[in-house]
Amino acid sequence: MFSDKPDPIGLISLSFLLNLAPHLDASSLSALPRSPGVYIFKGEGKLPIYIGKSIDIRSRVLAHLRTEDEAEMLAQSRRVEFIETAGEIGALLLESHLIKTQHPLYNIRLRRQRNLCSIQLTEQAGACIPEIVTGQDLGLGRVEGLYGLFGSRHAAQNKLRELADLHNLCQGLLGLEKISARGCFGLQVKTCLGACVGHEPRVQHDQRLLNALMDLKVHAWPFVGPIDMVEESQGWVQRHRLQDWRYLGTWCSKSGQLPMSVQQSFDLDTYKILVKPIMLGTARVAQVSE
């Protein structure tokens, strides 16, 4: 619903912005820092109304006040609280964690936790057979050979159909339809190259399938055991403890250990936050000693 585009400050006075949201506590706005972290709009009670993150908390919060589409959320808000982080990844992890544990009214997407499905290739009699598995069937993020993360079995099947159309794959061999003596339906309409009836070598069909799935590869955790992802800002250090793409908590040189509930299962949002900086080697990583 809301974006995270930084917005310059100074063009519009704080007093003018307060006229747009007169119920907000002015002192809570004036205290907002120009640093990375999480901000929390709160109403009359203790529960949050909206939780967001930014590399510039103050700029982003004041931008909310000028956004007409957010008038309903602002009308219910009374103050804005914040938690600073040493870097952007820490802000992303903390935002996702807080939304899932505190269930703010206006955060919809990150609030939903799904039982994820993935596509797994198994070899049978020299052929690659795609099978749709769920996170309950095996440890997502801990095993190789998984492709795509989907909210339902139906979504995974639709992705296989899409790939079949794009790469002339046989939907029968993908387990999406039955194969008759005349072959699959795709063979009749010339979208299948005939692997189902021997017109194309099965090895060629399966290689196209593997190539088509490579962009969807789910990376297995590349470390033995947990690691710390380290972020630092002007001598302030935070160490985010991670294992199997799960976020276990953050140690902060300013405040010590932040209270966290250990993430018991694979979480899609956490995986998306971590996979690029870890797999591309752009994050500062430290091994955890036993």
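I take buried to mean under 20% relative accessible area, exposed to mean over 50%, and partly exposed to mean in between, with a 1.4 Å probe and protein chains only.

I note that this is a predicted model, in which local features need pLDDT of at least 70, side-chain atom pairs count only at pLDDT 80 or more, and totals for chains, interfaces and linings use all residues. Residues are numbered from 1 along each chain as its sequence is written, and side-chain values use heavy atoms, with hydrogens and water left out.

**Entry on positive phi**

Aspartate 244 is buried, with a relative accessible area of 13%. I located aspartate 244 in the loop between β9 (236–243) and β10 (246–252). Helices (H or I, at least four residues) and strands (E, at least two) are DSSP runs, numbered from the N terminus.

I then turned to asparagine 168, whose phi is positive, near 55°. Asparagine 168 lies in the loop between α6 (153–167) and α7 (185–188) and is partly exposed, at a relative accessible area of 29%.

**Entry on the sheet of β1, β2 and β3**

I found an open sheet of three strands in the order β2-β1-β3, with antiparallel pairing; two strands pair if DSSP finds at least two bridges between them. β2 (48–54) and β3 (79–84) are at the edges, each with a single partner strand, so one side of each has no neighbour in the sheet. Strand β1 (residues 37–42) pairs with β2 over six bridges, and I recorded glycine 52 in β2 as the bridge partner of tyrosine 39.

Helix α3 (residues 57–65) lies across β1, β2 and β3, at about 35° to β1. α5 also lies across β1, β2 and β3, running at about 165° to β2. Axes are lines fitted to C-alpha atoms, for helices over the stretch in contact, and angles run from 0 to 180 degrees between N-to-C directions.

**Entry on α5 and α9**

I looked up the packing of helix α5 (residues 88–102) with helix α9 (residues 268–279): the angle is about 170° and the axes are 10 Å apart. The two helices are therefore roughly antiparallel, the term for angles over 145 degrees, whereas under 35 counts as roughly parallel, 65 to 115 as roughly perpendicular and the rest as oblique.

**Entry on β4**

I saw that strand β4 (residues 117–124) pairs with strand β5 (residues 127–134) in the antiparallel sense over eight bridges. Three bridges join β4 to strand β6 (residues 146–150), also antiparallel.

Technical notes: Contact means heavy atoms within 4.5 Å.
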